[in-house]
Amino acid sequence: MTRASGTQDGPVVLSKDGLPAWLAPMVRVVETVEPLQLSRFLPPESGAGRQSAVLVLFGEGERGPELLLMERASSLRSHAGQPSFPGGALDPEDGDPKADGPLRAALREAEEETGLDPGGVQLFGALPKLYIPVSGFVVTPVLGWWRRPSPVDAVDPNETARVFTVPVADLTNPDNRATTVHPSGHRGPAFLVESALVWGFTAGIIDRLLHFSGWERPWDREKQVPLDWRS
């Protein structure tokens with residue numbers, strides 16, 4: 001069981017004890033997936049990049065399993081209006097980036113951005129570190145089970161427009177899937193859910209988790225959503 005964010009009395013630990021049976025495929029993904037199976041963008045061997053973490057939090061909603069997402073404020077300079085997982089850069093107090101630092105950062109950022117009670121979250125795994133070239137972030141996706149759900153909302157409207165959950169059933173629905181096409185030619189998976197277009201790094205993680213867990217359903221990869229240069 002994880003300790004609450006911000007505590008300094010011991011490490012934040014990973015535990016697979018008592019998880020719901022439907023999360024077993026995600027546990028297998030954590031145990032077996034290789035970095036290049038998640039993304040072709042891996043951290044520079046030089047060690048460059050800003051260490052960060054995101055919380056991939058699974059809960060149980062009215063329609064079954066769901067994921068917690070947030071939408072960034074439209075006034076932000078980077079990734080404005082884009083849905084994402086809660087998360088951000090590691091702070092010095094988070095500790096060692098090569099140990100439990102990313103776990104602490106994922107919980108702390110989720111608490112700061114959504115008001116989530118980290119004491120109700122059981123972290124059960126972390127995916128390999130990935131790289132976002134456009135921002136220079138080295139990101140550790142941290143997976144958690146929302147064992148004791150708590151109220152969530154946008155804590156700072158200058159940073160977060162809204163906080164919402166998305167049923168996994170909607171993410172796997174072929175009608176809600178598409179491929180984004182950027183003017184640069186880059187293509188990537190996308191999800192049209194909860195009045196939002198989830199794309200970029202966040203959609204890439206969701207796409208790979210659905211694929212390797214066996215939850216993915218066949219979908220039309222020719223269905224395209226164009227992006228503009230500001231994206």
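Ala48 lies in the loop that runs between α2 (35-38) and β1 (50-61), where helices (H or I, at least four residues) and strands (E, at least two) are DSSP runs numbered from the N terminus. With a relative accessibility of 40%, Ala48 counts as partly exposed, a class that falls between buried (under 20% relative accessible area) and exposed (over 50%), using a 1.4 Å probe and protein chains only. The C-alpha atoms of Ala48 and Val163 are separated by 31 Å, the two residues being 115 residues apart along the chain.

The model is predicted, so that local features need pLDDT of at least 70 and side-chain atom pairs count only at pLDDT 80 or more, while totals for chains, interfaces and linings use all residues. Residues are numbered from 1 along each chain as its sequence is written, and side-chain values use heavy atoms, with hydrogens and water left out.

**Overall form**

The protein has five helices and 12 strands. Its radius of gyration, taken over C-alpha atoms, is 17 Å, close to the 17 Å that the globule rule gives for 231 residues, so the protein is as compact as a globular protein of that length; the rule is 2.2 Å times the number of residues to the power 0.38. The C-alpha trace spans about 50 × 40 × 35 Å along its principal axes. Of the 231 residues, 51% count as buried. Among contacts (heavy atoms within 4.5 Å) with a separation of 6 or more, residues 24 or more positions apart account for 67%.

**Helix α1**

In helix α1 (residues 24-32), the buried residues are Pro25, Met26, Val27, Val29 and Val30. These buried residues pack against β1, β5 (121-126), β7 (137-146) and α5.

**Glu216 and its surroundings**

Glu216 is placed in the loop between α5 (200-213) and β12 (224-226). Leaving aside residues up to four places away in sequence, Glu216 touches Arg177, Asp207, Leu210, His211 and Arg221. The table gives its side-chain polar contacts with two residues, a polar contact being a pair of N or O atoms within 3.5 Å in which, within protein, one must be able to donate a hydrogen and the other to accept it, and residues adjacent in sequence count only if both atoms are side-chain atoms.

| Side-chain pair | Polar contact distance |
|---|---|
| Glu216 and His211 | 2.9 Å |
| Glu216 and Trp219 | 3.2 Å |
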